[in-house]
Amino acid sequence: MPFCDGLRVVKSSIHGYGVVTTRPFAKGELVCYGDGVFYPESADFDDTYALVFDGEDTGLGDTYFWDLVDQTRWFNHSCAPNAEVRGKWDPNEQRVNAHWIAVRDIAIGEEITYDYAFVGEVAEPCACGAPSCRGLIVDPDPAELAKVPAHLQRLLRRAA
Ligand SMILES: C[S@@+](CC[C@H](N)C(=O)[O-])C[C@H]1O[C@@H](n2cnc3c(N)ncnc32)[C@H](O)[C@@H]1O
Ligand SMILES: [Zn+2]
């Protein structure tokens with residue numbers, strides 16, 4: 001798997017490490033493929049850097065994780081992201097095809113972000129800084145917002 005061209009890992013103003021561009025990306029352009037290692041939910045590993053695939057996504061029944069191992073590992077979340085992830089289980093290759101696409105033009109030096117849309121139970125405080133920030137890294141679906149733990153509910157900023 002080639003190193004992602006046009007991306008650099010840096011200290012992020014959002015959280016920890018993040019990834020900025022060293023060249024512009026046009027809306028609709030491929031940003032990067034995400035190489036990874038596949039784990040079942042029962043495995044003992046750190047899922048902080050993984051994409052989640054439920055049984056319906058893969059047809060494998062259980063939940064699986066694609067633990068990212070390249071620059072994509074450091075992509076941060078934003079509630080107003082400039083990229084989106086597309087991930088699909090490839091049964092022939094027995095691996096995940098995950099890639100990120102620019103959802104708008106992205107200038108040199110911008111941090112690449114996508115919407116993690118965490119389920120309510122694992123919501124985290126969000127520091128993306130977008131005017132439309134939801135206050136939490138969470139799927140905005142009302143059913144997921146209802147599952148946000150009580151101690152985090154006060155951080156939620158719902159759309160007017
Ligand atoms: C895949 S890591 C991203 C890389 C991370 N910045 C690091 O240095 O480890 C995902 C974790 O980064 C943090 N993170 C990502 N986006 C964030 C955001 N918008 N606000 C606060 N924390 C964020 C959360 O703790 C999240 O679980
Ligand atoms: Zn946010």
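## Starting at Ser132

Leaving out residues up to four places away in sequence, Ser132 touches Cys79 and Ala80. Please keep in mind from here on that this is a predicted model. Ser132 sits in the loop that runs between β11 (124–125) and β12 (136–137). Is Ser132 buried or exposed? It has 10 C-beta neighbours inside 10 Å, so it counts as exposed.

A step of 15 residues along the chain leads from Ser132 to Lys147, and their C-alpha atoms are separated by 21 Å.

## The chain as a whole

Stepping back, we find three helices and twelve strands in the chain. Its radius of gyration is 16 Å, close to the 15 Å that the globule rule gives for 160 residues, so the chain is as compact as a globular protein of that length. Along the principal axes, the C-alpha atoms fill a box of roughly 45 × 40 × 25 Å.

Buried residues make up 26% of the 160 in the chain. As for how the fold is tied together, take the contacts between residues at least 6 apart in sequence: 60% of these join residues at least 24 apart.

## Two domains

The chain is divided into domain 1, covering 7–116, and domain 2, covering 117–160. Their C-alpha centres lie 20 Å apart. Nine residues from domain 1 and eleven residues from domain 2 take part in the contact.

Ala117 belongs to the loop between β10 and β11. Its phi is near 45°, a positive value in a residue other than glycine. Most residues other than glycine have a negative phi. With 14 C-beta neighbours inside 10 Å, Ala117 counts as partly exposed.

## Nonpolar cores

Which residues touch the most other members of the largest nonpolar core? In this set of 13 residues, they are Leu7, Val19, Val31, Cys32, Ala83, Ala102 and Ile112. Two strands, β3 (30–33) and β9 (95–102), each supply at least two residues of this core.

Neighbours within four places in sequence aside, Cys32 is in contact with Cys4, Leu7, Gln71, Thr72, His99 and Trp100. Of these, Leu7 is also listed with Cys32 among the core residues that touch the most other members.

## A three-stranded sheet

An open sheet is built from three strands in the order β4-β6-β5, with antiparallel pairing. β4 (36–40) and β5 (50–53) stand at the edges with a single partner strand each, so one side of each has no neighbour in the sheet. From one strand to the next, the twist averages 25°. What about β6 (residues 64–68)? Four of its five residues are buried, so β6 is largely enclosed by the rest of the structure.

The pairings can be followed bridge by bridge. β4 and β6 are antiparallel and pair over five bridges, and Tyr39 stands opposite Phe65 in β6. Four bridges join β5 to β6, again antiparallel. Here Ala50 has Asp67 as its bridge partner in β6, while Leu51 stands opposite Trp66.

## Loops on either side of β9

The loop between β8 (83–90) and β9 holds Gln94. Phi of Gln94 is near 55°, which is positive in a residue other than glycine. Gln94 has 8 other C-beta atoms within 10 Å, so it is exposed.

Ala107 lies in the loop between β9 and β10 (113–114). With 10 C-beta neighbours inside 10 Å, Ala107 counts as exposed. How far is the C-alpha atom of Ala107 from that of Asn92, 15 residues away along the chain? The two are separated by 37 Å.

Methods
Residues numbered from 1 in each chain as written. Chains lettered and ligands numbered in written order. Predicted model: local features only at pLDDT ≥ 70, side-chain atom pairs only at ≥ 80, totals over all residues. Core = buried A, V, L, I, M, F, W, Y, C linked by C-beta atoms within 7 Å. Buried ≥ 20, exposed ≤ 12 C-beta atoms within 10 Å, placed from the backbone. Contact = placed C-beta atoms within 7 Å. Rg over C-alpha atoms; globule rule 2.2 N^0.38 Å. Pairing = 2+ DSSP bridges. Axes fitted to C-alpha atoms, helices over the stretch in contact; angles between N-to-C directions. Domains from an automatic or database assignment.
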